[in-house]
Structures are given as C-alpha cells and as structure tokens.
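Reader: I'd like to walk through this one with you, question by question. Can you show me the structure, and then we'll dig in?

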Amino acid sequence: MAKITYIEHDGKEHTLDVADGMTLMEAAVKASVPGIDGDCGGACACATCMVFVPEEWWDKIPAKEDMEETMLEFAENAEANSRLSCQIKAAPAIDGMRVSMPKSQH
Amino acid sequence: MSDEIIIIGAGQAAAQAVQSLRAEGFEGPIRLFGDEAYAPYQRPPLSKKFLAGEIGYDRVELKAEDFYASSGVATHWSTRVTEIDRRQKHILTGDGQAFPYGKLLLATGSRVREINVPGFDLEGVHYLRNIDDVTSIQAHFKPGAKMVVVGGGYIGLEVAAVAVKRGIDVTVLETADRVMARVVDPIVSHFYERVHAEEGVKIETGVTVAGFEGKDKVEAVVSGEGGRYACDVVVVGIGILPNTELAAEAGLHVENGIAVDEFCRTSDPDICAAGDCTSHPNGIYGHKLRLESVHNAIEQGKTAAATLAGHEKPYNQVPWFWSDQYDLKLQIAGLSTGYTQAVVRGDPTTGRSFAVFYLKDGVLIAVDAINRAPEFMMAKMLTAKKAVLDPARIADESIGVKELAG
Ligand SMILES: Cc1cc2nc3c(=O)[nH]c(=O)nc-3n(C[C@H](O)[C@H](O)[C@H](O)COP(=O)(O)OP(=O)(O)OC[C@H]3O[C@@H](n4cnc5c(N)ncnc54)[C@H](O)[C@@H]3O)c2cc1C
Ligand code: FES
C-alpha cells in the first residue's frame with residue numbers, strides 16, 4: 001500500500017491509501033478526486049489522467065513506455081514532469097508521494 | 001414538492017452525474033435506479049482485459065463501494081423503472097412503488113440488437129453488454145473450443161482477439177463486404193482483416209446468418225449463402241439500440257435517441273438525459289448525433305449535472321473512441337461520416353502503425369490512428385478548429401505531426 005497525496009490545481013489536497021497494484025488513476029477516480037478524469041479507464045488512450053510528479057520520485061516509478069511518452073508529448077498542459085497516472089501502480093516504494101494536477105485535463 | 005433528483009439507469013453517465021451534481025453544489029437528495037445487480041461499472045473492459053481475465057470486478061467498478069452512500073445517494077440496484085408520470089411528477093418501479101421527483105435524469109444507455117433467426121434462443125448463443133454476459137462467455141474459454149462471432153464491429157473483433165489468444169478457434173461472420181464498415185474507410189477495414197488473419201482468426205465477409213442449429217445447445221451457425229460453421233459458442237455483436245421507450249411513453253420527444261439540447265435538456269425542462277440514449281446537437285458538425293462512447297457518457301453526465309444544479313455548461317466536443325485488439329490501439333477522433341477524401345499517413349499494408357485522415361472538402365473531420373498517438377492527439381485539436389489541411393503534407397511522413405497544423 002502507498003499513501004498518495006493528490007494536489008488540485010487550486011492547492012486542495014486529497015490523500016488516499018492506494019492498494020499495491022492499483023493505479024493512481026483508478027484510486028483517484030474511485031474516490032472522486034477532482035482533477036483526474038481517466039476517461040479511458042487506463043487504456044493509455046485519453047491523457048485525461050495527467051499528474052505532475054516531483055523529480056525526487058522519478059527513479060521510484062517505472063519509466064514511460066512509448067505510448068505514454070507520445071500521448072504526453074501532445075497533451076495540452078504537459079510539462080517535463082508529467083505522467084499519466086493510469087500507468088503508475090502503487091507500491092511501497094512510492095509511499096508518501098505527492099503529485100499535482102493540471103488546471104484542466106482537456 | 002420534492003426537491004429530489006432521480007437518476008434512471010446506473011451506468012457510466014449516471015456515475016459521472018452523481019459526482020458532478022455534488023461538485024456543482026447540489027445538496028439535495030439524489031436517488032439512483034439501476035436494473036443490474038451491480039453499481040455502475042465500465043463496459044469497455046468487458047470485451048478487453050476483463051474478458052481476458054486480466055482484471056477483476058474491482059477494477060471495472062467505477063466508484064468505491066461507499067461512494068454513493070457517502071455522497072448522500074439512495075441506491076436501488078436490480079430495480080427497473082417502468083413508468084414516468086410527468087403530471088404527478090413521480091416515477092414507478094416494477095413492483096408498483098412511486099417515487100416523487102423534482103428533477104429527473106434519464107441515463108438509460110442502450111441494449112444489444114438481437115438477432116431474429118431460428119435457433120436464436122439456443123444455449124451457447126450470447127451477447128455482450130453486461131458483466132453477467134462475460135461470465136457466460138468465459139465459461140466456453142477452453143482451448144480447442146470453436147467460437148463463431150456474428151458481426152465484425154469493434155465488439156465482435158475485440159472478443160475474437162481475446163478468444164484466439166486463449167487458444168480458441170474463432171471465425172467472424174460479417175454481412176457487409178468488410179469489417180467495421182459502418183465507421184471506417186476500407187483501408188482500415190482491410191488492415192484489420194489482415195491482422196486478424198495473421199493472429200489466426202478467420203473472417204468471412206458477405207455472410208448472412210440464417211440460423212443456429214443444435215439439439216440442447218448451439219452446434220452450428222448456418223448462413224443464407226449455404227455455409228455451415230460448427231461451433232460450441234456464438235457471440236453476437238450486431239449493434240445496439242438506445243433505451244428510449246420510457247421517455248417515449250412519457251411523451252418526451254424522441255428521434256434517433258431521446259432528443260436533448262446542448263445542455264442535455266429534453267422537451268420537458270425538468271428532465272435531462274445523458275449518454276448512449278440521447279440524440280444531441282454537435283456544433284462542430286452542425287447536426288444531431290447519437291454516440292455510443294464513454295467520452296460522450298462522461299461529458300454529457302457533467303453537462304446534465306450542471307443543468308440540473310442550475311448552471312449552464314454546454315456540451316460541444318469532438319467525439320472520440322478507442323478500441324484495443326492484440327497490440328493495436330485504435331484511437332478515433334471525430335466522425336468520418338460524409339468524408340470526401342481519406343488520406344493515409346504511414347503504410348497500412350505492412351506493419352501495424354498508420355493513420356487515416358478524413359477530409360470533407362479539405363476540412364479535417366476525423367482521424368483513425370492505429371498505434372499513432374501523436375496523430376490522434378493532433379487530430380482532436382485540429383478537428384475542433386475545423387482545420388483545412390493539405391493532403392500531400394499529411395501523407396508526407398518527413399513532415400512532423402506538429403507541423404501539419406501550420
Ligand atoms: C463490450 C463493450 C465494449 C465497449 N468498448 C468501448 C470502448 O472501447 N470505448 C468507448 O468509448 N466505449 C465503449 N463501449 C461503449 C460504452 O461502454 C457506452 O457508450 C457507455 O457505457 C454508455 O454509458 P451510459 O451510461 O449511457 O449507458 P450504460 O452504460 O448502458 O448504462 C445504462 C444503465 O441503465 C440501465 N437501465 C436502462 N433502462 C433502465 C430502467 N428503465 N430502469 C433501471 N435501469 C435501467 C441499463 O441496464 C444500464 O445498466 C463499449 C460497450 C460495450 C458493451
Ligand atoms: S486514463 Fe486514459 S490515459 Fe490514463
């Protein structure tokens with residue numbers, strides 16, 4: 001399990017206990033965290049689950065696969081530290097991670 | 001007078017509407033009726049990862065178990081709403097109970113189109129719309145089993161892709177002269193036919209199913225062309241019909257779906273509708289649409305919730321859709337209906353990555369992107385802008401996707 005804090009664009013925080021193997025997108029959608037849509041349910045097809053991951057966590061999560069890389073390259077509001085939260089699974093290594101959301105997912 | 005909002009139908013649109021009603025500041029009571037035994041869940045995985053057994057129910061369920069209770073929503077699963085009485089402003093359930101409403105949201109979705117040929121009710125003939133359908137189909141997943149898929153649309157082809165990987169002998173029968181004929185250019189159809197053949201699925205086009213044969217359970221599919229296809233299981237995927245009867249019986253305006261405006265309002269100002277069941281205007285295309293997609297259900301769920309909460313958030317977006325088969329991710333932006341030119345970027349005859357740009361008198365109206373996320377993402381943006389593109393530049397892969405816009 002990992003405690004993950006999601007920070008809305010306006011600064012509002014939501015901390016969830018995410019079971020190992022569950023993606024950060026799934027946990028956020030199930031808990032109705034505003035700011036993560038996850039339209040495609042994790043198929044890496046919509047880029048509506050984008051989060052910004054601070055650099056200190058980059059080596060604790062798997063690198064982007066090609067599909068995620070290209071979706072992000074063309075997503076509005078994307079930055080160098082953008083990830084698709086449906087491609088990040090909870091694991092003890094990311095316990096305590098804080099991610100933030102863009103102003104809009106569309 | 002009741003201030004309760006009643007939602008009829010507990011699918012993707014309904015779950016979104018509940019979340020958005022609270023986000024829009026509606027604090028009154030909400031009551032949700034669904035005729036399935038489950039809380040709202042995602043359907044796309046039913047023909048993909050869930051059918052393949054790669055993910056379980058906990059991953060298709062849309063919201064956490066306590067979501068509805070903690071959002072102050074009274075839920076009635078396994079309960080069918082049978083009547084809307086607009087004079088009395090109440091709805092009736094199958095057991096005759098009445099529930100008064102202040103406002104109503106119809107999120108009744110759609111149902112499968114049934115095949116009406118001899119033997120249609122034999123055991124082993126299945127459709128795919130609900131979780132329970134998946135369980136029935138999976139029971140036949142034994143290596144060496146023979147499956148016939150009736151209908152070469154997305155759902156049929158996704159089922160074929162999952163089943164063949166499980167060691168099942170799969171034949172797809174399609175009436176048209178190519179698969180996915182309703183929605184894509186022949187270039188894309190023929191590409192999918194090639195890949196399915198490479199993966200071991202037999203596809204026969206131009207075949208009309210005339211009946212199912214078998215003693216206690218289905219043993220063969222017979223075609224009007226004289227073919228006979230021995231099988232242990234049949235999955236029928238020949239399209240869907242919107243659930244509009246409740247609305248029509250209540251005297252609401254129904255056309256190709258329940259007629260709504262860009263705010264998801266029906267012809268009764270106290271009743272909204274969202275998702276697969278609606279016929280709604282689209283400003284980008286300038287005509288009314290009925291869509292069968294998650295994106296549409298989610299976005300209309302948001303719009304309807306805003307309207308019901310007294311705000312206005314018009315729905316006007318480029319439709320989009322995806323389909324997963326094997327290692328192919330098809331992403332479709334826009335609607336290609338009425339295109340005058342299809343321009344290919346990449347090579348559909350070899351490999352597994354290319355895109356088709358659909359132009360109508362020079363204006364981009366849709367893109368089918370197969371393992372081409374950049375083209376898809378650009379297309380969403382350019383379609384919304386009604387961009388005029390140069391076909392020669394689209395086809396020229398030495399020109400980057402980002403430069404196509406300029
Ligand atoms: C196998 C499959 C794969 C799909 N794959 C994709 C995909 O890859 N991408 C994509 O975008 N879309 C896909 N779709 C389509 C997508 O799932 C639908 O567009 C979406 O579910 C529509 O949501 P909805 O809320 O409008 O309707 P639904 O999800 O159909 O929900 C409506 C609910 O209301 C219930 N109901 C109806 N009438 C009543 C009544 N009178 N009383 C009580 N309850 C009632 C129904 O039983 C149903 O549970 C797929 C669909 C299926 C079946
Ligand atoms: S949920 Fe669609 S890309 Fe992550």
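Reader: Which residues have the most contacts inside the largest nonpolar core?

Author: Keep in mind that this is a predicted model. The largest nonpolar core holds 61 residues, and helix α9 (residues 373-384) of chain B gives the most to this core, with 6 residues. The residues with the most contacts inside that core are A:Y6, A:I36, A:L84, A:M97 and B:F357.

Reader: Let's take A:L84 from there. Which residues is A:L84 in contact with, leaving aside its neighbours within four places in sequence?

Author: A:L84 is among the residues with the most contacts inside the largest core. Leaving aside the neighbours within four places in sequence, the partners of A:L84 are A:C44, A:A47, A:C49, A:M50, A:E68, A:M71 and A:L72.

Reader: On to the interface. Which residues of chain A lose the most area to chain B?

Author: The contact draws on 23 residues from chain A and 27 residues from chain B. About 2000 Å² is buried between the two chains, with carbon and sulfur atoms giving 57% of that. On the chain A side, three residues together account for 34% of what that side buries, and they are A:K30, A:D39 and A:F74.

Reader: What does A:K30 pair with in a salt bridge?

Author: Side chains of opposite charge can pair when their charged atoms come close. Across the interface of chain A and chain B, the rule finds 4 salt bridges. In one that involves A:K30, the closest N and O atoms are 3.3 Å apart, and the partner is B:E61.

Reader: Which element gives the largest share of the side of chain A that touches chain B?

Author: Between chain A and chain B there are 10 residue pairs in polar contact, both at pLDDT 80 or more. On the chain A side, α1 (24-30) and α2 (66-74) each supply at least two residues. By class, that side has 12 nonpolar, 6 polar and 5 charged residues. The largest share, 5 residues, comes from α2(A).

Reader: Which strands hold B:K202 and B:D169?

Author: The side chains of B:K202 and B:D169 meet in a salt bridge at 2.8 Å, N to O. B:K202 is partly exposed at 39% relative accessible area, and B:D169 is partly exposed at 26%. The pair ties together parts that are 33 residues apart in sequence, because B:K202 lies in strand β12 (residues 202-205) of chain B and B:D169 in strand β11 (residues 169-174) of chain B.

Reader: B:L105 next. How far apart in space are B:L105 and B:I6, C-alpha to C-alpha?

Author: B:L105 is placed in strand β7 (residues 103-106) of chain B and counts as buried, at 0% relative accessibility. B:I6 is one of the residues that B:L105 touches. In sequence B:L105 and B:I6 are 99 residues apart, but in space, C-alpha to C-alpha, the distance is 6.2 Å.

Reader: Last one: which side chain does the side chain of B:E36 make a polar contact with?

Author: B:E36 is found in the loop between β2 and α2 (57-60) of chain B, and at 17% relative accessibility B:E36 counts as buried. The residues in contact with B:E36, beyond four places in sequence, include B:Y41, B:W77, B:S78 and B:N130. The polar contact, at 2.9 Å, is with the side chain of B:R43.

Methods. Residues are numbered from 1 along each chain as its sequence is written. Chains are lettered from A and ligands numbered from 1 in the order in which they are written. This is a predicted model: local features need pLDDT of at least 70, side-chain atom pairs count only at pLDDT 80 or more; totals for chains, interfaces and linings use all residues. Side-chain values use heavy atoms; hydrogens and water are left out. Contact means heavy atoms within 4.5 Å. Buried area is the accessible area (1.4 Å probe) that two parts lose on being put together, summed over both. A polar contact is a pair of N or O atoms within 3.5 Å; within protein, one must be able to donate a hydrogen and the other to accept it, and residues adjacent in sequence count only if both atoms are side-chain atoms. Helices (H or I, at least four residues) and strands (E, at least two) are DSSP runs, numbered from the N terminus. Ala, Val, Leu, Ile, Met, Phe, Trp, Tyr, Cys and Pro count as nonpolar, Asp, Glu, Lys and Arg as charged, and the others, Gly among them, as polar. A nonpolar core is a set of buried Ala, Val, Leu, Ile, Met, Phe, Trp, Tyr and Cys residues joined through side-chain atoms within 4.5 Å. Buried means under 20% relative accessible area, exposed over 50%, partly exposed in between (1.4 Å probe, protein chains only).
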